[in-house]
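Visitor: Hi, I'm new to this one and would like a slow walk through it. Could you put it up for us?

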Amino acid sequence: MTGAESELPAIEAERIGYAYPDGVAALEDISFHAAKGEFVAVMGANGAGKTTLMKALMRLVRPQRGQIRLSGVDAARMPPAELYRSIGMVFQNPSDQLFAPTVEQDVAFGPRNLGLDEAEAARRVDEALAAVDAAPLRSRPIHHLSFGEQKRACLAGVLAMRPSILVLDEPTAGLDPVSEAQMIEMLLRLNRQEKITLILSTHCVDLLPVLAERIYVLRRGGCSGSDRRKKSSPTPAPPPKPASACP
Ligand SMILES: Nc1ncnc2c1ncn2[C@@H]1O[C@H](COP(=O)(O)OP(=O)(O)OP(=O)(O)O)[C@@H](O)[C@H]1O
Ligand SMILES: [Mg+2]
């Protein structure tokens with residue numbers, strides 16, 4: 001990587017707009033970026049477009065307007081294997097993500113799909129399960145797992161691809177306070193030790209936006225994202241008040 005390339009943001013969305021096939025305008029003129037290794041929170045009320053934005057970043061929906069770039073490269077033109085090596089997404093609902101009979105098979109799916117041999121796929125599974133403190137779940141059937149365990153299995157499946165950018169849709173929603181604290185600790189470890197760029201959505205005013213280095217707020221009607229840097233601030237300022245907040 002040249003010096004110039006390392007200066008480029010990990011991900012940039014420039015004036016993207018997306019309407020679903022039924023005409024619902026979910027994203028309108030959204031601009032957004034995350035520097036390499038940054039921790040970014042995307043906040044907004046229900047229906048503000050958080051999930052749609054995350055899906056657009058993953059190319060699961062294709063914006064009709066604007067451009068998304070990964071390290072300066074137009075994501076729309078990236079071969080799928082290259083895209084999914086760079087960026088991985090953890091869905092809000094584990095049942096949208098998990099599909100194999102056991103945790104091990106699910107986590108190994110991505111590495112196998114990359115064409116890695118069985119020994120390397122097994123190494124990736126070990127490493128990913130360890131990263132989310134889920135080694136004991138390895139041979140468990142997915143349908144026996146609790147919601148919190150399923151969330152960890154989802155995160156492990158994405159980490160097994162070793163992405164440099166991790167997109168998480170409401171990663172703490174539905175977790176009890178202990179599991180929520182553990183999830184936050186895991187995410188901070190991945191960001192601070194593994195230098196993974198984190199982009200996560202939340203509609204809650206919980207710890208996540210307080211810990212984030214940059215916050216974007218999506219508003220219903222989709223006008224634009226606004227951002228706020230906190231790195232230079234000695235004491236974190238309170239996060240902006242979203243239109244709806246968890247109790
Ligand atoms: N498949 C779809 N078809 C049509 N409209 C959709 C579809 N998915 C989402 N929408 C609409 O797009 C808008 C944005 O939805 P989105 O799910 O991105 O919001 P969100 O911020 O993630 O909300 P939540 O906090 O409830 O998860 C909403 O008006 C929603 O009704
Ligand atoms: Mg959502």
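Guide: Let me begin with one term: a residue counts as buried if 20 or more other C-beta atoms lie within 10 Å of its own. Please also keep in mind that this is a predicted model.

Visitor: Okay, so how many of the residues of H6 are buried?

Guide: In helix H6, which covers residues 147–159, 10 of the 13 residues are buried, so the helix is largely enclosed by the rest of the structure. The buried ones include Gln150, Lys151 and Arg152 as well as Leu155 and Ala156.

Visitor: And what covers the buried residues of H6?

Guide: The covering elements include strands E6 (87–90) and E7 (165–169), together with helices H4 (103–113), H5 (118–131) and H7 (177–192).

Visitor: How far does H6 reach from its first C-alpha to its last?

Guide: Its 13 residues reach 19 Å, which is close to the 18 Å expected at 1.5 Å a residue.

Visitor: Which residues touch the most other members in the largest nonpolar core?

Guide: That core has 61 residues, and the ones touching the most other members are Val40, Leu57, Val107, Ala156, Val167 and Ile199. Helix H6 gives the most to this core, with 6 residues. Leaving aside residues up to four places away in sequence, Ala156 touches Val107, Ala128, Leu129, Ala131, Val132 and Ala134. As background, nonpolar side chains tend to be buried together in soluble globular proteins.

Visitor: Switching to strands, is E3 mostly covered or mostly open?

Guide: Strand E3, residues 39–43, is mostly covered, since 5 of its 5 residues are buried. In a regular strand the side chains alternate between the two faces of the sheet. Here Phe39, Ala41 and Met43 are buried on one side, while Val40 and Val42 are buried on the other, and both faces of E3 are covered.

Visitor: Which strands does E3 pair with, and in what sense?

Guide: E3 pairs with strand E8 (residues 197–202) in the parallel sense over 5 bridges, and 4 bridges join E3 to strand E9 (residues 214–217), again running parallel. Met43 has Thr202 as its bridge partner in E8, whereas Val42 stands opposite Tyr216 in E9.

Conventions
Residues are numbered from 1 along each chain as its sequence is written. Chains are lettered from A and ligands numbered from 1 in the order in which they are written. This is a predicted model: local features need pLDDT of at least 70, side-chain atom pairs count only at pLDDT 80 or more; totals for chains, interfaces and linings use all residues. A residue is buried if 20 or more other C-beta atoms lie within 10 Å of its own, exposed if 12 or fewer, and partly exposed in between; C-beta atoms are placed from the backbone. Helices (H or I, at least four residues) and strands (E, at least two) are DSSP runs, numbered from the N terminus. Two strands pair if DSSP finds at least two bridges between them. A nonpolar core is a set of buried Ala, Val, Leu, Ile, Met, Phe, Trp, Tyr and Cys residues joined through C-beta atoms within 7 Å. Two residues are in contact if their C-beta atoms, placed from the backbone, lie within 7 Å. The expected span of a helix is 1.5 Å times one less than its number of residues.
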